[in-house]
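This report covers a protein–DNA model. It takes up helix packing, then the chain pair, then the DNA surfaces.

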There are 2 protein chains.
Amino acid sequence: MGTVSKALSLLSLFNHGRLEIGLSDITRLSGMNKATVYRLMSELQAQGFVEQIGNDRAYRLGPEVLRLAALREATVPLLSVSQDILRYLCESTGETAHMSIVQGRQLNTLTHAYSPQHGTRVTMDDAEILSFHGTGSGLAFLSFAEDGFVDDILAGPLAVHTPQTQTDPQKLRAALAQARALGIAESIGGFEADVHSHAAPIFGPDQRPIGALAVAAPMSRMTVDLKSRIRRELKAAALDLTQRIGGFCPPDYPQEQAA
Amino acid sequence: MGTVSKALSLLSLFNHGRLEIGLSDITRLSGMNKATVYRLMSELQAQGFVEQIGNDRAYRLGPEVLRLAALREATVPLLSVSQDILRYLCESTGETAHMSIVQGRQLNTLTHAYSPQHGTRVTMDDAEILSFHGTGSGLAFLSFAEDGFVDDILAGPLAVHTPQTQTDPQKLRAALAQARALGIAESIGGFEADVHSHAAPIFGPDQRPIGALAVAAPMSRMTVDLKSRIRRELKAAALDLTQRIGGFCPPDYPQEQAA
DNA sequence: GTTGTCGGTTCATTATTCGAACCATTGGTT
DNA sequence: AACCAATGGTTCGAATAATGAACCGACAAC
């Protein structure tokens, strides 16, 4: 691994539960030498990718990433297009909708929208890390991902988030086969108790999945009626998003299926 | 300059006019060796900071920057808070509002909001690069920036954007002094002809300016009345933004001034 | 067929990174 | 007050990784 990759890998230590990290913590988390980490962080800091703040001198992500993200959006308007679509999706279903993409071996929520329709709703955070086996989004992605990736995920440790989390690789593979046939994946309470999520994959220019669009509802509200509405809307929304960012569905993606 | 900085500096070659760049172009633009650039870009690509697309194999920014930006927002909600404030600001003034921050020697627009009030309006792009001497935002920042930075900018070449662009360092310093006294800077047609922009600086936790909030209106609509409304609203909005991102105004910032 | 460009690759030279050990401060414990 | 265990930051010889001129095959223009 080159020096640049090492430096950039330090950035991926940041997540929702660790927005600010001290030098010693970074050293421990990365397994690198403290002097190395210090030099790398100094370079990242000089370029505005991280900044140091407060009296404990902890590092946090810097403003430069905002500029790059704005430019990325100008290139491929994934976020802005998604937000349009999510707004419509949560209105038409009355439930929380969100969009996630896969980066490396991680599934990250990027943006979400709430429906004002109900007092109770599933709440989300942006940049949250989702599990592949416990969420509709994760399963939707896996259902069209490369075999090697699926094997890798199913082989790895599968966290138990709730009593309902499915961790049996064989049963998960069965769920993936079903999702592949339908074009929609679902997870009932697999990540958070009481949340029923449906999701559909989003595809890139190379016909490979890049993430998923999902609708999450409290289990108590999930009727047959709502379920079929969610599936219909979700499918249309995911296809729309794929096309509007210049992507293409693979040939075996079930295009025609009215709920 | 270390290897990491070199790699990251390649990312800053991307801008609104150059969203996708080929290997040879990057080589030329950066002045580095082609083999070096290739290796650096490969590492950036492996980490998802850039991706290669199409048959010309040009590079463009990758999805990883979106994840980092979402986390940065979770740490310091500059964008989301700004968007709230901009929405109000453009409503209360009836004109286009935008927010920019300084990164290195560059002033970048990050987000904007349009008012639906008028048919004609000043249009903006996110991630646009503004000039320090030609825009209200640039002058607002400079008016509270460190002396060394101001000297550096005024010494450098000052682009002539329009016949109205002020490039005389002495007159610019006079404008800065006035802006410092008022807490508001303005530029009349200095960047784009026919655009009159007002701006107020935003400050970080260290009481140093990090960017500016601005309102841009067509010159033809700029009456004394509108001008005073813009100044009043802008001042309040900038102060609000500064406080809501955990920043502090410096002691010499003119707090009390009713338009 | 020649010439110029493109993205990508090779390999000996060389400059940069690495990491154990070391400082200076801070905050808590005895 | 003395001590200890943290913290962030620094040093310098040894080891490793970055460098860049030259090269390759592919494509396009002339």
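Axes are lines fitted to C-alpha atoms, for helices over the stretch in contact, and angles run from 0 to 180 degrees between N-to-C directions. Helices (H or I, at least four residues) and strands (E, at least two) are DSSP runs, numbered from the N terminus.

This is a predicted model, in which local features need pLDDT of at least 70, side-chain atom pairs count only at pLDDT 80 or more, and totals for chains, interfaces and linings use all residues. Residues are numbered from 1 along each chain as its sequence is written, while chains are lettered from A and ligands numbered from 1 in the order in which they are written.

**Helix packing**

Two packed helices are described by the angle between their axes and the distance between the axes. The axes of α4(A) and helix α4 (residues 64-75) of chain B come within 8 Å and cross at roughly 130 degrees. α4(A) is therefore oblique to α4(B). Angles under 35 degrees count as roughly parallel, over 145 as roughly antiparallel, 65 to 115 as roughly perpendicular and the rest as oblique.

The crossing of α4(A) and α4(B) is left-handed (the near helix is turned anticlockwise from the far one by less than a right angle). Val65(A), Leu66(A), Leu68(A), Ala69(A) and Arg72(A) of α4(A) touch Val65(B), Leu66(B), Leu68(B), Ala69(B) and Arg72(B) of α4(B). Contact requires C-beta atoms, placed from the backbone, within 7 Å. This helix pair brings together eight nonpolar, no polar and two charged residues. Here Ala, Val, Leu, Ile, Met, Phe, Trp, Tyr, Cys and Pro count as nonpolar, Asp, Glu, Lys and Arg as charged, and the others, Gly among them, as polar.

Within chain A, helix α5 (residues 78-93) packs on helix α9 (residues 224-244) at about 170 degrees, with axes 10 Å apart. α5(A) and α9(A) are therefore roughly antiparallel. The α5(A) side of the contact includes Val81(A), Ile85(A) and Leu89(A), and the α9(A) side includes Ile230(A), Glu233(A) and Leu241(A). The contact of α5(A) with α9(A) has six nonpolar, three polar and four charged residues.

**The chain pair**

How many residues of chain A are in contact with chain B? The count is 43, and they meet 43 residues of chain B. α1, α3, β3 (58-61), α4 (64-75), β4 (96-103) and β5 (106-113) of chain A each give at least two residues to this side. α4(A) supplies the largest share, twelve residues. By class, the chain A side has 25 nonpolar, eleven polar and seven charged residues.

A rotation of 180 degrees with 0.0 Å of shift along its axis superposes chain A on chain B, with RMSD 0.1 Å (least squares on the C-alpha atoms of residues with pLDDT of at least 70 in both). That is the relation of a two-fold axis. In chain A, the C-alpha of Val4(A) is nearest the axis, 2.4 Å from it. Both copies use the same surface: 100% of the contact residues of chain A recur in chain B.

**The DNA surfaces**

A residue is near a strand if its C-beta atom, placed from the backbone, lies within 6 Å of it.

| DNA strand | Residues around it | Among the nearest |
|---|---|---|
| C | 17 residues | Ala35(A), Gly2(B), Gly22(B) |
| D | 18 residues | Gly2(A), Gly22(A), Ala35(B) |

α3(A) gives the largest share near DNA strand C, four residues. Near DNA strand D, the largest share, four residues, comes from α3(B). The surface near DNA strand C has five nonpolar, seven polar and five charged residues. The surface near DNA strand D has six nonpolar, seven polar and five charged.

Notes. Contact = placed C-beta atoms within 7 Å.
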